[in-house]
Amino acid sequence: MPPKFIVGVIPIDIYRRELVFSCGQDHIKLAKLYNKVFPGSELTIATLQDGGFSVSDITKNMLLWIKHRPRNPKTYSVLAHESTHAAIEILTRAGIKLVDESDEAYAYLVQHIMREALYITNRCR
């Protein structure tokens, strides 16, 4: 039986960030766990958006959470959606605005985040 809670860290080395990826755990409990692992982060999660969310804290860390393991078009699309939000936040903090000249950086980062998130979920089968 697959685990009910999956968590892993996706390094974003080029931008000196870490993205904590998780799926399956209650998002309120996850926020408490995240704040314990990253002291001083003060992460708060106010609302749940369509099965997932990505948020950043006051440090250089971020959290991407999806309610369900990617298994079908809907859950893959939620991962793509939240990966895009994470990429936007990471690149915005790095001072890279989304314009025609930077769209490949955004596309590559979304691809990296999705690939690593899928590796994490596949290792937990």
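Buried means under 20% relative accessible area, exposed means over 50%, and partly exposed lies in between, with a 1.4 Å probe and protein chains only. This is a predicted model, in which local features need pLDDT of at least 70 and side-chain atom pairs count only at pLDDT 80 or more, while totals for chains, interfaces and linings use all residues. Residues are numbered from 1 along each chain as its sequence is written, and side-chain values use heavy atoms, with hydrogens and water left out.

**Stop 1**

Select Ser 77, in helix α2; helices (H or I, at least four residues) and strands (E, at least two) are DSSP runs, numbered from the N terminus. Ser 77 has a relative accessible area of 42%, so it is partly exposed. Its side chain reaches the backbone oxygen of Lys 74 at 2.7 Å.

Now select Ser 22 in strand β2. With a relative accessible area of 0%, Ser 22 is buried. Its contacts (heavy atoms within 4.5 Å) include Phe 5, Leu 30, Leu 64 and Trp 65, not counting residues up to four places away in sequence.

**Stop 2: β1 and β2**

Show β1 beside β2: they pair (at least two DSSP bridges between the strands) in the antiparallel sense over seven bridges. Ile 6 stands opposite Cys 23 in β2. Four residues lie between the strands of this hairpin, where Arg 16 takes a positive phi near 50 degrees.

**Stop 3: the nonpolar cores**

A nonpolar core is a set of buried Ala, Val, Leu, Ile, Met, Phe, Trp, Tyr and Cys residues joined through side-chain atoms within 4.5 Å. The largest one has 23 residues, and Ile 10, Phe 21, Leu 64, Leu 109 and Ile 113 have the most contacts inside it. Two or more residues each come from β1 (6-12), β2 (17-23), β4 (61-66), α2 (73-93) and α3 (103-123). Helix α3 gives the most, seven residues.

Centre on Leu 109, which touches Ile 12, Tyr 15, Ala 87, Ile 90 and Leu 91, not counting residues up to four places away in sequence. A second, separate core has six residues, among them Val 20, Tyr 34, Leu 63 and Trp 65.

**Stop 4: helix α1**

Select residues 27-37, where His 27, Leu 30, Ala 31 and Tyr 34 are buried. Seen down the axis, the buried residues of α1 fall within an arc of 100 degrees, so they line one face of the helix; the arc is that of the directions from the helix axis to the C-beta atoms. On the other side, Lys 29, Lys 32 and Lys 36 are exposed.

Methods. A polar contact is a pair of N or O atoms within 3.5 Å; within protein, one must be able to donate a hydrogen and the other to accept it, and residues adjacent in sequence count only if both atoms are side-chain atoms.
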